[in-house]
Amino acid sequence: GLPVCECNKCYYGSDCSQLLHDCPADVDSGDPMFLEAYWQQQAASSAVVISGWHRMSYSTDGKDYLSIELEKHIRILHQVVGNAVTDGKFIVFGSGSAQLINALVYALSPSNASSSPASVVASVPYYPFYKKQTNLFETRAYGWGGTTSSWANASVSSATNFIEFVTSPNNPDGLFKQPVLGSSAVIFDYAYYWPHYSPILDPADEDVMLFTNSKISGHAGSRFGWAVIKDEGVFERTANYLSLNTMGVSRDTHLRVLKLIKAMIAEKGGKGDIFEFGHRTLKARWSKLNELVSSSSRFSLQQHSARYCNYFRTIRDPSPAYAWLKCEWKEEDVCHEALRKGSIISRSGALFEADSRYTRLSLIKTQDDFDLLLKRMQPLVSHEEMAS
Ligand code: PMP
């Protein structure tokens, strides 16, 4: 007989074509499942088999729990994409870039107990993990210092040492960002500086740069990220943290990520180019949502324009990972709640320390999730007195 298939949770029927009446569009998380369709096309070339006897050891062939081949291919990936300079810099691996957030904060904080603690800061709207982790792990050497705007007007003593997070393109609004406090230490989070989401301008050449495989290949569940670090002392402190914390990343994950990165490099420029796939998919989603939202005066989106991209060697249309939606009416009703009433689960602007008239819609989940989002947005956009 026919295989019994499981339908996406909002659909039913023998061919899963029937939509459940009340099922909400869940566009809350940044789970990059839009890339599942890509890997289904690359099933054989991306498969990994690990025999029982393989990779059992605590030790790896590289220093500091790195695998030599994986580190080499990460450098090649940056080279072929042209998004970052890694020559003469150190690399560390993390269990997701999430693990590296606090590892880097620790490494950049004063090691001398008599120095005043570092203040960890970010500009609104910012990815909430920076604050949450810093509050969870704070020590005598560092603590959360709030938003950069809370310092901009104060007369900051030169003794204040900041560790500033700069996410560029930014989560949630997809805009390019720069440090604003003239901080001595800056962590540039380049999770979205890849051609799926962003034009590639000049290769980034910063002292501390954070990357995650989650948003490149889409394998968020493999928990793999890396940092590129210029200064040897900062590198050593980060490596020491990772050694004491988890003794490095799962060696099984090293193998899987190596296979994925090799596949992405091999397909570059051809029909199976993952960046081309990623850009094409997200560009189509952004333009559809943008068209729908533009037809209403009640909602607006962040502005993006087409820009020249050094990777595609042409002007490319925008394809951000998230829509930063603004509800334009003045009433108290916050945007996230208004959407919830219309069966859309989004991520409230308040979580990014922004005005609650903003909310974030993830555009990087499955095609079903996106299609349902459009379907649920339609009546909200056309229904003028929705907010009351
Ligand atoms: N930085 C940013 C800006 C992110 O959006 C995310 C994931 N949403 C991360 C870091 C962490 O990703 P991961 O731990 O999967 O590497």
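Biologist: Let's start with H4: which helix and strands do the buried residues of H4 pack against?
Modeller: Keep in mind that this is a predicted model. Helix H4 covers residues 129-137, and its buried residues are Tyr 130, Lys 131 and Thr 134. They span an arc of only 95° around the axis, so they sit on the same side of H4. What they pack against is helix H3 (96-108), strand S5 (118-122), strand S6 (142-147) and strand S7 (162-167).

Biologist: H3 turns up there. Which element gives the most to the shell around the ligand?
Modeller: The shell has 13 residues, and Gly 96, Ser 97, Ala 98, Thr 212 and Ser 214 are the closest. With 3 residues, the element that gives the most is H3.

Biologist: Zooming out, what is the radius of gyration of the protein?
Modeller: The protein has 10 helices and 17 strands. The globule rule gives 21 Å for 388 residues, and the model comes close to that, so it is as compact as a globular protein of that length; its radius of gyration is 22 Å.

Biologist: What box do the C-alpha atoms of the protein fill?
Modeller: Buried residues account for 40% of the 388 residues. Taken along the principal axes, the box that the C-alpha atoms fill is roughly 65 × 60 × 40 Å.

Biologist: Take contacts between residues at least 6 apart in sequence: what percentage joins residues at least 24 apart?
Modeller: Start from the contacts in the protein whose partners are at least 6 apart in sequence. Of these, the part joining residues at least 24 apart is 68%.

Biologist: On to domains. How far apart do the C-alpha centres of domain 1 and domain 2 lie?
Modeller: Domain 1 comes in two pieces, 11-40 and 272-382, while domain 2 is 63-267. Between their C-alpha centres the distance is 26 Å.

Biologist: Which element gives the most to the side of domain 1 that touches domain 2?
Modeller: The contact involves 32 residues of domain 1 and 28 residues of domain 2. On the domain 1 side, the elements giving two or more residues are helix H8 (274-294), strand S12 (307-309) and strand S14 (322-327). With 5 residues, the one that gives the most is H8.

Biologist: How does the side of domain 1 that touches domain 2 split by class?
Modeller: That side is made of the 32 residues of domain 1 in contact with domain 2. Sorted by class, they are 17 nonpolar, 8 polar and 7 charged.

Biologist: Staying with H8, is Glu 276 exposed, partly exposed or buried?
Modeller: Glu 276 is a residue of helix H8. Its C-alpha atom is 8.3 Å from that of Phe 312, which is 36 residues away along the chain. Buried would take 20 or more C-beta neighbours, but Glu 276 has 19 inside 10 Å, so it counts as partly exposed.

Biologist: Are Arg 55 and Asp 64 buried, exposed or partly exposed?
Modeller: Arg 55 has 13 other C-beta atoms within 10 Å, so it lands in the middle class. Asp 64 has 18, so the label for it is likewise partly exposed.

Biologist: Last one: which residues does Gln 302 touch, leaving out those up to four places away in sequence?
Modeller: Gln 302 is in the loop between strand S11 (299-300) and S12. It has 18 C-beta neighbours inside 10 Å and therefore counts as partly exposed. Gly 182, 120 residues away in sequence, is 26 Å from Gln 302, C-alpha to C-alpha. The residues that Gln 302 touches are Asp 173, Gly 174, Leu 175 and Trp 324.

Terms used:
Residues numbered from 1 in each chain as written. Predicted model: local features only at pLDDT ≥ 70, side-chain atom pairs only at ≥ 80, totals over all residues. Buried ≥ 20, exposed ≤ 12 C-beta atoms within 10 Å, placed from the backbone. Helix = DSSP H or I, 4+ residues; strand = E, 2+ residues; numbered from the N terminus. Arc of directions from axis to C-beta. Contact = placed C-beta atoms within 7 Å. Near = placed C-beta within 6 Å. Rg over C-alpha atoms; globule rule 2.2 N^0.38 Å. Domains from an automatic or database assignment. Nonpolar A, V, L, I, M, F, W, Y, C, P; charged D, E, K, R; others polar.
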